Structures are given as C-alpha cells and as structure tokens.
Amino acid sequence: MAQEVSKPDEQVVLGEEIDNVRVITLNRPRHLNVISSKVVSLLAKYLEKWEKDDKAELVIIKGAGRAFSAGGDLKMFYDGREPRDTCLEVVYRMYWLCYHIHTYQKTQVALVHGISMGGGASLMVPMKFSVVTEKTVFATPEASIGFHTDCGFSYMLSHLPGHLGEFIALTGARLNGKELVAAGMATHYVPSEKMPELEKRLMCLNSGDCNAVKSAIEEFSLDVKLDEESVLNKQSTIDECFSKDSVEEIIKSFETEAGKEGNAWIVPLLKSLKRASPTGLKITFRSVREGRNQTLAECLKKEFKLTMNILRTTISNDVYEGIRALTIDKDNAPKWDPPALDQVSSEKLDIVFQPFKEELELQIPEKEECRWDGKYEHSAYAKVTEEAK
C-alpha cells in the first residue's frame with residue numbers, strides 16, 4: 001500500500017462494545033480524521049462483525065477532535081502514484097465498504113461535529129440518523145483538484161432537489177449543518193454543546209429501535225430555519241444554470257446570472273469553477289448527471305472505474321498536480337493539462353467511463369445472504385497480486 005501519515009502503532013479507528021451499543025471513533029484528530037487504507041480496513045472489520053452480532057443493535061460513529069472526517073488521505077494517493085495501482089486495494093475496499101454502509105442492517109447514528117467532506121461525508125449522509133451541529137461543514141471539492149465526486153456521491157447528489165447536486169459537485173460549495181438538514185443530507189440539527197449529552201442518552205437507551213432512537217435525538221434537536229443568505233434559497237437560479245447540458249453552458253449561464261443585481265453570492269463560486277481542473281469538472285458533471293438514472297450499485301461501480309482511471313492518469317495527470325498544489329508544495333497554482341474545457345473532448349471522457357472486464361469490476365453482492373461477499377482478497381486483483389509474488 002502507499003505510505004501513510006499514521007504511525008504503525010496509532011489507533012486510527014477505535015471500536016467500543018458497550019451492552020447493545022457499538023461505537024466507532026475516527027481517531028486521527030491531528031489529520032482531521034482523513035481516511036487511509038488502515039481506516040477503511042478497520043471500519044469494514046467492525047461493521048461486518050457488528051452486523052452479524054445479534055447483541056449489537058445500535059452503531060454510533062463520530063470523529064475525535066474538531067473534525068468528523070476531511071475525506072480521503074490525499075498524501076496517500078500522491079505517494080502512491082508510482083508504481084501503477086499502488087492504491088488499488090484501498091480504493092476497491094472503500095467503494096465496497098460504501099455499499100455496505102448504505103445497506104447496513106443495524107441502526108446507525110452519525111454524530112457529525114466539524115468538517116465532513118468528500119469520502120468522509122460518505123460516513124454521514126447514508127446513515128439512518130445523521131446529527132449535525134452549527135460547526136458542521138460539508139463539501140465535495142474533488143473536481144477542483146482533478147478528481148471526481150466519489151464514494152457514492154454521484155448517486156446521493158444526483159438525487160437532491162432540482163440541480164442542487166450538480167451545483168455542489170462542480171463548485172465545491174460548502175453547506176452548514178442547517179443546510180444539510182434542509183437538503184436532506186442529515187436528519188437532525190443539535191447544538192454542539194448538547195452533543196455529549198445526546199451521546200450519553202443514546203448509550204443509556206441501549207437499543208436500536210428506530211422510533212426510540214429518533215425520539216431520543218429529538219429531545220435535543222432544533223427545528224431548522226435557513227439563514228437568509230443560504231444558497232438553498234437560491235434554488236431557482238441554481239436550477240436555471242446547472243440544468244444545462246455541459247460545463248461550458250453552466251459557466252456561461254452562471255456568468256450571466258452573476259451580473260444581475262443581488263447575485264454577488266455567485267462571484268466566489270464562479271471563481272472556484274474557473275480555477276478547477278477542466279478534466280475534473282467534466283468527469284464530475286457526467287458522473288453526477290448519469291447518477292440520476294443509475295442505482296447505488298451502478299454508481300459505485302462507475303466511480304471505482306473513474307477513480308482507477310484517474311489515478312492511472314489515463315487521460316490526464318491533473319489529480320496529482322491538484323494534490324501537489326494543494327497539500328504538497330501548497331502553492332495553490334496548479335498547471336492543468338489540458339488547461340481548458342474545450343480541450344477535454346467527449347472521446348477522452350468516454351475512455352475513463354469505459355467498462356472494465358467483468359472480473360475487474362467492483363464486485364457488489366447481489367444476494368442478501370451473500371452480502372459480505374466480494375471482498376478485495378477474493379477479487380481478480382488480489383489473485384494477480386498474489387501470482388506476481
């Protein structure tokens with residue numbers, strides 16, 4: 001696997017078993033609980049074990065420190081750029097895990113305090129209950145660094161009202177806790193000072209009964225009233241612009257709207273769009289738009305292909321250039337290749353969306369009785385790796 005920031009003896013995920021309650025704590029606070037290969041493996045181990053444990057009824061997931069999770073470990077991907085497919089195993093395991101999080105058979109509660117971005121938010125949005133606070137910050141900024149909206153978000157964002165999904169995916173716009181509840185990506189809003197008390201209440205409840213859990217959360221939750229300047233109050237403008245059939249048309253329409261009185265909120269988002277990787281924007285747009293007519297399983301299989309093709313630099317090196325500019329050299333001056341949207345052709349995009357051979361696709365179990373099948377170690381990739389040793 002690629003080199004990781006975590007120390008060998010560091011407990012990056014804590015798993016606790018207390019009566020009928022199970023607690024997962026993402027435990028890399030100094031690194032904003034980013035998701036490494038070790039984190040993915042531990043999450044999968046705990047979740048499978050507890051789903052099969054008749055005594056386990058309620059699973060709580062939270063983050064240590066000031067973040068829930070800032071998403072994938074970008075340094076891990078950057079360090080793994082050579083040799084080819086160094087990060088294939090963690091990518092496969094993460095998408096496979098995403099499917100099981102969405103379809104988990106025990107009651108889950110995510111207590112989301114602080115940053116919840118990209119792949120980190122895939123541990124929040126699909127949960128039966130996701131509790132956010134005034135300090136919660138959500139975004140999917142992957143397109144800006146030459147990547148794509150992944151970990152199931154081409155499915156989740158495409159099912160938001162109107163064209164809010166395309167807007168969030170392309171601009172990397174941040175949503176706060178209230179906005180997440182209003183958009184349907186979180187279930188409850190609780191003031192941050194009440195979160196420790198809520199957690200104690202859930203522990204004392206000692207039950208996975210959905211009605212009981214909901215009632216317990218509602219003892220602490222507040223009704224959401226959006227701030228006047230919230231982007232969710234701009235839905236008609238968002239729909240007008242982001243319903244277009246290409247990224248170029250979206251930007252042109254957004255520019256037109258930016259010139260109208262009262263639309264100053266568009267200016268910083270337009271700047272973000274124009275600074276982003278042209279390749280990342282076009283892949284993300286097509287993926288989210290396709291997600292409208294795809295199942296969760298189809299979206300995850302598609303995203304697995306996209307991720308591997310992007311990491312393999314099949315049509316562009318932008319993802320590594322984006323990570324370099326953001327987190328390695330920190331010069332915030334990426335040199336995109338190609339540098340313009342009109343140079344990212346449909347033919348190029350077709351290459352990264354091309355299906356893999358069946359045995360090289362992400363193996364998502366089709367039957368409930370076999371739902372924990374399809375692990376990486378039983379995949380064609382693992383067999384090739386073993387044979388190469």
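Select Asp19: this residue is partly exposed, with a relative accessible area of 47%. Here buried means under 20% relative accessible area, exposed over 50%, and partly exposed in between, using a 1.4 Å probe and protein chains only. This is a predicted model, in which local features need pLDDT of at least 70 and side-chain atom pairs count only at pLDDT 80 or more, while totals for chains, interfaces and linings use all residues. Residues are numbered from 1 along each chain as its sequence is written, and side-chain values use heavy atoms, with hydrogens and water left out.

Asp19 lies in the loop between β1 (13-18) and β2 (21-26). Helices (H or I, at least four residues) and strands (E, at least two) are DSSP runs, numbered from the N terminus. Asp19 is not a glycine, yet its phi is positive, about 55°.

**The hairpin and its neighbour**

Now select β1 and β2, which form a hairpin with two residues between them. They pair in the antiparallel sense over six bridges; two strands count as paired if DSSP finds at least two bridges between them. Within this pair, Glu17 stands opposite Arg22, and Glu16 stands opposite Val23.

In a regular strand the side chains alternate between the two faces of the sheet. Colour β2 by face: Val21, Val23 and Thr25 are on one side, Arg22, Ile24 and Leu26 on the other, and all are buried. Leu26 stands opposite Gly63 of β3.

**A second sheet**

Which strands make up the open sheet of four? Its order is β4-β6-β8-β9, with mixed pairing. β4 (67-69) and β9 (175-176) stand at the edges with a single partner strand each, so one side of each has no neighbour in the sheet. Zoom in on β8 (residues 137-139), which is joined to β9 by two bridges and runs antiparallel to it. Phe138 stands opposite Leu175 in β9.

**The nonpolar cores**

A nonpolar core is a set of buried Ala, Val, Leu, Ile, Met, Phe, Trp, Tyr and Cys residues joined through side-chain atoms within 4.5 Å. Select Phe167, Met185 and Phe254, the residues with the most contacts inside the largest core, which has 105 residues. Helix α3 (88-102) gives the most to this core, with eleven residues. Apart from it lies another core, of 16 residues, among them Val190, Leu198, Val213 and Phe220.

Return to Phe254 and show what surrounds it. Leaving aside neighbours within four places in sequence, Phe254 has contacts (heavy atoms within 4.5 Å) that include Phe167, Thr171, Trp265 and Leu273.

Select α12 (residues 278-291), a helix of 14 residues. The distance from its first C-alpha to its last is 20 Å, close to the 20 Å expected at 1.5 Å a residue; the expected span is 1.5 Å times one less than the number of residues. Twelve of its 14 residues are buried, so α12 is largely enclosed by the rest of the structure. Among the buried ones are Thr279 and Ile283.

On a 1 Å grid over the protein atoms alone, a cavity is a set of points where a 1.4 Å probe fits but cannot get out, and lining residues have an atom within 4 Å of a point. Grid points are joined across faces, edges and corners, and a volume is the space filled by probe spheres set on the points. The largest cavity has a volume of about 60 Å³, and a search of the whole structure finds two cavities of 30 Å³ or more.

**Loops to finish**

Select Lys330, in the loop between α14 and α15. Lys330 also has a positive phi of about 55° without being a glycine. Is Lys330 buried or exposed? Lys330 is exposed, with a relative accessible area of 58%.

Stay in the loop between α14 (318-328) and α15 (346-353) and pick Pro338. The peptide bond from Asp337 to Pro338 is cis, with omega near 0°. Then go to Pro83, in the loop between α2 (74-79) and α3. The bond from Glu82 to Pro83 is cis, with omega near -5°.

Last, select Glu361, in the loop between α15 and α16 (380-388). Glu361 is buried, with a relative accessible area of 7%. Not counting residues up to four places away in sequence, Glu361 touches Tyr92, Lys301, Phe304, Lys305, Pro355 and Phe356.

Key. 1 Å grid on protein atoms, 1.4 Å probe; cavity = no way out; pocket = protein on both sides within 12 Å on 5 of 7 lines; lining within 4 Å.
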